[in-house]
Amino acid sequence: MNDKQLTGEVYYPSKDVIKHANAKCEKLYEEAEKNLEGFWEKEAKNLKWFKKWNKVLDDSEKPFYKWFVGGKTNIAYNCLDVHVETYRRNKLALIWEGEKGEFRSFSYFALRREVCRFSNILKSLGVKKGDRVTLYMGRIPELMIGMLACARIGAIHSVVYGGFSVEALHERLEDSQSKVLIVADGSYQRGKIVQLKQIADEALQRAATVESVLVVKRTGEDVYMEPGRDMWYHELMNLPIANNSCSVEQVDAEDPLFILYTSGTTGKPKAILHTHGGYMVGTYTTLKYVFDIHEDDRFWCAADPGWITGHSYIVYGPLLNGATSFMYEGAPTHPYPNRWWQMIEKYGINILYTAPTAIRGLMRYGEAWPNRHDLSSLRLLGSVGEPINPEAWKWYYRVIGKENCPIMDTWWQTETGMFMITPLPCTPLKPGSGTKPFPGLKMDIVDEDGKPVKTNEEGYLVIKTPWPAMMRTIYNDPDRYVQQYWSRFPGMYMTGDSAKRDEDGYYWIIGRVDDVIKVSGYRLGTAEIESALVSHPSIAEAAAIGLPHDVKGNAIHAFVILRVGYEKSDKLIEELRQHVGHEMGPIAKPEHIDFVDSLPKTRSGKIMRRVLKARALGLDPGNISTLEE
C-alpha cells in the first residue's frame, strides 16, 4: 500500500509501527481477496469450537446468510475459559474505575468465577436458552458480568443504554418480551446520580413479561423494592446457589447471542439480532488486526456497553483476544478536563478508542490539560461513531498521540457488528477518511439506480459481500430486515450512509441519508423524538432535524405546532425539553424548539425534513415539487 504516491494530506506510519503490527498489510489483503471464506475459516480456527462447522458460509437463502454452519461453540467460553486454562489465568481481564475514583479489577480467573456465579442465579430464576434478559445500568463491571452470564447459558441479552429513559426502556422490554431485568439502583454521571431503578419502576408498570428484577447496588441510595419481584444482586451472589462453577451451554454457531435496539426511520426501534459464531469470529479478527492487540496491551474503548461499540470492543473483542480491557464509569471532564489523561497515565493505557464528539469536547479546553500528563504509554488511537473532522483528527494525533500514534478511524454499524471501513496500523492515513474496507470486504458507492458513481462523487454506501459478524435479522421481523437493508439495491446491503471515494480508493463518509440524527455518535430516530414531543399535551404535531454542532456533531432542532388553547413561551420550551428527556433520555433533548403554524409535507403527508434543514441553514431547499400546497 506504500508503493505509490497518495494524493492530499497523508500521514505515513513509522517503521516501528509497521514492524510491530500483527497485520502484514499486503499479505492480509491478498489472502482475503484471493479466498474470502478461507480467510475467515483460518481466523475461526484460532477459537474454540465444541464441534467443527461443515460449511463456512451458507448463502442459499439470501439475504439470510449463515456462517460456520453446523459448528457448536459459545462466545463466553472463548472469552473466559480458554484463557483460564492457560498462562493468562491470572492476567487482568478488566480494570474499572468509578467516577468517584473507586477501583476494581478482575483477572480472567476471577471474572469467570463471577460470571459462573451469576449464571447459576439466572438459571435458578428459570432463565433458559433463548430467553431474553434486559440489562439497564451505567458502565460498571456487573454489566459485563451480566452479558457474559447470559451468553454462557445461551440466554439472549438486550442491553439498554443507561442514558435512555422510561419510554425507551419500556418499549425495548415489551418488544423483547424479557423475562428478567437487571438494573442498577443508579449511576454516576458528572457528579450527579441518574435514578435508574426509579426509571425502571415506571417502565415496569407497563411491561407485562418481566418476572424478576435484580438490582445492583451502585449508589446506595434508597430505592423501592417490589416484594416478590425485586431482589438485590449482592444478596443473591452470597447464596449457596451462586456456585463458582457453571457448565457452558454448547450453542449452535447461528444461535442468537444478543439483540440491540437501534433507531430506525420509523417510530419503532429495530431489534438487531447477532449470533454466537460469526459475531465472535468477526469481532476477534477485526480487533486483533486493526488495533494490533499484543499480550501486554491495555485497551480502552471509551464507549458505553449499551451501544454496539461497547458490546464488540469493550466486552467481546478484547476478551476473545485475551487482552486487558479498561472501563471508566463517568464523564471525560469530571471533575476536571484531565480525567482521561490522568487515567491513561495511571493505568498505562496503550490504546484509546473513542468518539469524535469526545475529542471535540476535550479540544475546547486546550492543550495544557493533556500536556500535564505522561501519555507516552499510548501506541495507537482510534475513532468511532461518526466521521471525524480533520481539525479534530490532527489535534488528537498531535496533542494526544504526540505524532507517534496512528489513528484507526473506523466506520461500522450496530448492524455490521464489526469494523467495516478501517485502516490497519500499516496503512497511510488521511485525516477524516476511514481509508479502505477491511480485508476481503467488497464495498461500493452507488447512485439512485445502483450504478457505481465516479471518483469523488457522493452516493449511497453499500456492502457487496457477506461478512461473519453481520446481523442475521430484525428480531421477530424478518420482512422488515429485507425491506430495510436489502430492497433498495437488490443483492447489496444498504448502509443508510452517503459517502465518496477519492483517487486512491479511500472512503470518506458524509452522513446519514435517512431520518436518523447522530448526536455525540449516538443514533436517534427523528420519529422517536417527534413521538416524545407529541406525547406532551400542548403539542399537535412535531418535526425534528439534526443541525451541525461544534461538539456533538449534530444537535436536535425541533419544530412544533401547538394545540388550541396553548401559548408559546420560554417556560413551555423548557418544559418540552425536559419532557423529551424524561421520555427518551437526556441525550435526546432538543437544542432548539421553534413554534410554527405548519410543517412542509409531501402530498402523501410525509414531513419533508430536508426542507426544514435547508431553511434552518439558509440553503436552497432543492426540488419541492412534491410539497403539498
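Guide: In this predicted model, the side chain of Glu114 makes a polar contact with the side chain of Arg113, at a distance of 3.3 Å. Glu114 belongs to helix α5, which spans residues 108-124, and because its relative accessibility is 12%, under the 20% limit, Glu114 counts as buried. Once its neighbours within four places in sequence are left aside, the residues in contact with Glu114 are Phe106, Ile145 and Met237.

A polar atom of the Thr416 side chain lies 3.0 Å from the backbone nitrogen of Gln413. Beyond four places in sequence, Thr416 touches His274, Ile463, Trp467, Ala469 and Met470.

Arg206 is likewise a loop residue, placed between α8 (196-204) and β11 (212-216), but at 35% relative accessibility Arg206 counts as partly exposed. Its contacts, again not counting residues up to four places away in sequence, are with Val166, Glu167, His170 and Glu174. As for Ser263, which is 57 residues from Arg206 along the chain, the C-alpha atoms of the two residues are separated by 21 Å.

In α3, which covers residues 36-44, the buried residues are Leu36, Phe39, Trp40, Glu43 and Ala44. Viewed down the helix axis, the buried residues of α3 fall within an arc of 135°, and therefore they line one face of the helix. The elements against which the buried residues of α3 pack are α2 (25-34), β2 (66-69) and α10 (276-290).

Helix α19, made up of residues 609-617, has Arg609, Val611, Leu612 and Ala614 as its buried residues. Among the elements that cover these buried residues of α19 are α17 (526-534), β28 (539-549) and β29 (553-562). After α19 comes Gly618, which has a positive phi, near 70°.

The structure holds one cavity of 30 Å³ or more, and the largest cavity contains about 50 Å³ of space. The lining of this cavity is formed by Val159, Val160, Tyr161, Phe164, Arg172, Leu260, Tyr261, Gly306 and Trp307, and by class it comprises seven nonpolar residues, one polar and one charged. The second largest pocket, for its part, has about 270 Å³ of space. Its lining consists of 12 residues, and those nearest its centre are Tyr29, Glu33, Lys436, Pro437 and Pro439. Divided by class, the lining of the second largest pocket has six nonpolar residues, one polar and five charged.

Note on methods. Residues are numbered from 1 along each chain as its sequence is written. This is a predicted model: local features need pLDDT of at least 70, side-chain atom pairs count only at pLDDT 80 or more; totals for chains, interfaces and linings use all residues. Side-chain values use heavy atoms; hydrogens and water are left out. Buried means under 20% relative accessible area, exposed over 50%, partly exposed in between (1.4 Å probe, protein chains only). Helices (H or I, at least four residues) and strands (E, at least two) are DSSP runs, numbered from the N terminus. The arc is that of the directions from the helix axis to the C-beta atoms. Contact means heavy atoms within 4.5 Å. A polar contact is a pair of N or O atoms within 3.5 Å; within protein, one must be able to donate a hydrogen and the other to accept it, and residues adjacent in sequence count only if both atoms are side-chain atoms. On a 1 Å grid over the protein atoms alone, a cavity is a set of points where a 1.4 Å probe fits but cannot get out, and a pocket is an open set with protein on both sides within 12 Å along at least five of seven lines; lining residues have an atom within 4 Å of a point. Grid points are joined across faces, edges and corners, and a volume is the space filled by probe spheres set on the points. Ala, Val, Leu, Ile, Met, Phe, Trp, Tyr, Cys and Pro count as nonpolar, Asp, Glu, Lys and Arg as charged, and the others, Gly among them, as polar.
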